[in-house]
Amino acid sequence: MTIQRSTLKKLAFSTFLLTLPLNAAFAADPAVAERIKATLGAQGVDISWTGVSGDDSNAVLQGVSIKPAAEKEALLIGDVKLEGVTAANGGYEIATVSTSPYEHSKDGVTLNLSPVVIHDMKVPAEGSTDPLGSLMMYKSAELSNMTVKVGDKTAFAMDGLAVQITPPADGKAMDFTANTEKFTADLSLVDDPKSKEAIQALGYQNISGNIAMAGTWQPSDGKMELSKYDISVENAGTLGMTFNLGGYTVDFIKSMQEMQKKLAAQPEGADNSAQGMAMLGLMQQLSFNGASVRFEDDSLTGKVLDYVGKQQGMSGKDVANQAKAIVPFGMAQLNNPELTAEVSTAVNTFLDDPKSLEISAQPPSSVPFALIMAGAMSNPLDLPKTLGIKVKANQD
């Protein structure tokens, strides 16, 4: 199954744009619409519509199109309904924003979305002195169904996406969660022969599962924490990720958006080295507080060991024993005996009784990105110590 990268970018953007608090906003009348259009333009998103019907309380924006700065073509998302619009502190509050059903096809791939429904959206007043005055916030959003088809076959489907947001207020951080009821994927559509063979042997031609995410963002100091991002696949396992960054402030967001606009404005083939260096300089405002990747097994490990063993004419247990013997030699290159022993112990424990395996980075104090990049170039072998890398198995 070969899908062009540009197509995937557009499909992904069109799928999730209306569930992002930084990019989703419309207005109830042309005057406010023009101001919001200018605000979103400053954030690198052009938005337009062919007409507006209704009144100040309930309106329909007709023929809405959106275009991020990095894209050459706008995406037509159709009509958008605004219900329960009221003036609030010079801005607007919209009880419900809902889109029409959406379909987009290109290169044999078709994306279908049920209406996206957003609740309690706030449109800030012009010239707001609030640090968050340039951001469009909402409290919840739902997408009942999404499908991606390749030809006439459903490659991916997702049901019941729900987003909940508690906007930052009174010095408290913003809380957010996102969950799906279920997703399914047809892996039999994969074209690569080796991958197809492995998928069939493992019995994962058709998979199902769910996604759960949670986190916080504190605009005052830019602390962004993704405390949960779990992708669970039935009869396989759960892959979970977390990260904790500092410096992701409103000013940083604005600077990134401005930099992206400058890069997008460059003619094709232009030398972007100066902008690239500026982007690296901007990234150095961030700091690393921690991250982790965790896998909780639900029979996948045993199936993989048996599959690899069958390919080599041995049992899955023999493959596990080989892996145990190889790991210490591979880790020796890091010249870190303590980490080598820790990894070897964790791998042995996991392969003997596959439950969970986690790799985490927990530095004793926040590490600036500049220091991480400098270390990666000058002495990469010291990075595990700098980042506080730990590996553990079968622990809660």
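## Aromatic pairs

A search across the whole of this structure, which is a predicted model, finds three aromatic pairs. One of them is formed by phenylalanine 156 and phenylalanine 183, whose rings are stacked, with 6.0 Å from centre to centre and 25 degrees between the planes.

## Tryptophan 217 and its ring partners

Another pair brings together tryptophan 217 and tyrosine 248, with ring centres 6.4 Å apart; their planes stand at 70 degrees, so the pair is edge-to-face, the cut-off for that class being over 60 degrees. Here too distant parts of the chain are linked, tryptophan 217 lying in strand β13 and tyrosine 248 in the loop between β15 and α4 (250-265), 31 residues apart.

Tryptophan 217 is buried, because its relative accessible area of 3% falls under the 20% limit. Tyrosine 248, by contrast, is partly exposed, with a relative accessible area of 25%. Ring pairs extend this arrangement to Phe252, so that Trp217, Tyr248 and Phe252 are linked into a cluster.

## Strands β13 and β14

The strand that carries tryptophan 217 is also part of an antiparallel pairing, in which ten bridges join β13 (residues 206-218) to β14 (residues 223-233). Within this pairing, tryptophan 217 stands opposite methionine 224 of β14, and the tryptophan thus placed is the buried member of the edge-to-face pair.

The hairpin of β13 and β14 has four residues between the strands, and glycine 222 in this hairpin takes a positive phi near 75 degrees.

## Strands β14 and β15

Strand β14 is joined in turn to strand β15 (residues 237-246) by seven bridges, and these two strands likewise run antiparallel. Aspartate 230 stands opposite glycine 240, which lies in β15. The hairpin of β14 and β15 has three residues between its strands, and in this hairpin asparagine 235 takes a positive phi near 60 degrees.

Taken together, β14 has antiparallel partners in β13 and in β15, while tyrosine 248, in the loop between β15 and α4, is linked to tryptophan 217 in β13.

Terms used
Residues numbered from 1 in each chain as written. Predicted model: local features only at pLDDT ≥ 70, side-chain atom pairs only at ≥ 80, totals over all residues. Heavy atoms only, no water. Pairing = 2+ DSSP bridges. Phe/Tyr/Trp six-rings, centres within 6.5 Å; stacked < 30°, edge-to-face > 60°. Buried < 20%, exposed > 50% of the residue type's maximum accessible area, 1.4 Å probe, protein only.
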